[in-house]
Amino acid sequence: MKRLGFMLSIKSQNWTAKQIRTEINDLEAELLKATRELIYLENRYRYEKMETLAKIEALEARLDFFKSML
């Protein structure tokens with residue numbers, strides 16, 4: 001509903017073509033920024049996940065080594 005109210009308030013205003021183009025450009029820039037942030041977060045998550053998996057594998061190998069010594 002909040003978005004609908006926002007859209008109705010925009011329609012009630014008299015926007016010039018220049019204002020509309022500026023708003024479009026601003027929205028596209030914000031969308032690009034948010035998309036880049038999402039990609040960065042996905043890459044960071046993937047990197048941290050791989051680091052954690054490597055740590056688990058190293059711990060399992062060390063555990064297996066010590067178990068084999070018994």
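**Surface patch, salt bridge and ring pair**

Trp15, Ile20 and Ile24 make a nonpolar surface patch of about 240 Å². Patch residues have over 30% relative accessible area and no salt bridge; nonpolar side chains (Val, Leu, Ile, Met, Phe, Trp, Tyr) are joined within 5 Å, like charges within 9 Å. Areas come from the Shrake-Rupley method with a 1.4 Å probe, and for residues only the protein chains shown count as cover.

A word on the source. This is a predicted model: local features need pLDDT of at least 70, side-chain atom pairs count only at pLDDT 80 or more, and totals for chains, interfaces and linings use all residues. Residues are numbered from 1 along each chain as its sequence is written, and side-chain values use heavy atoms, leaving out hydrogens and water.

Back to Ile24. It sits in helix α2, residues 17-68. Helices are DSSP runs (H or I, at least four residues), numbered from the N terminus. Ile24 is partly exposed at 41% relative accessible area; buried means under 20%, exposed over 50%, partly exposed in between.

Next, charges. The whole structure has 1 salt bridge, defined as a Lys or Arg side-chain nitrogen within 4 Å of an Asp or Glu carboxyl oxygen. Glu48 and Arg44 form it, 3.5 Å from N to O. Both lie in helix α2, 4 residues apart, about one turn. Glu48 is partly exposed at 40%. Arg44 is partly exposed at 40%.

Last, rings. The search finds 1 aromatic pair. Phe65 and Phe66 have ring centres 5.3 Å apart and planes at 75°, so the pair is edge-to-face. The cut-offs: centres of Phe, Tyr or Trp rings (six-membered for Trp) within 6.5 Å; planes under 30 degrees apart are stacked, over 60 edge-to-face, the rest tilted. Phe65 is partly exposed at 48%, and Phe66 is partly exposed at 42%.

Conventions:
Helices (H or I, at least four residues) and strands (E, at least two) are DSSP runs, numbered from the N terminus. Buried means under 20% relative accessible area, exposed over 50%, partly exposed in between (1.4 Å probe, protein chains only).
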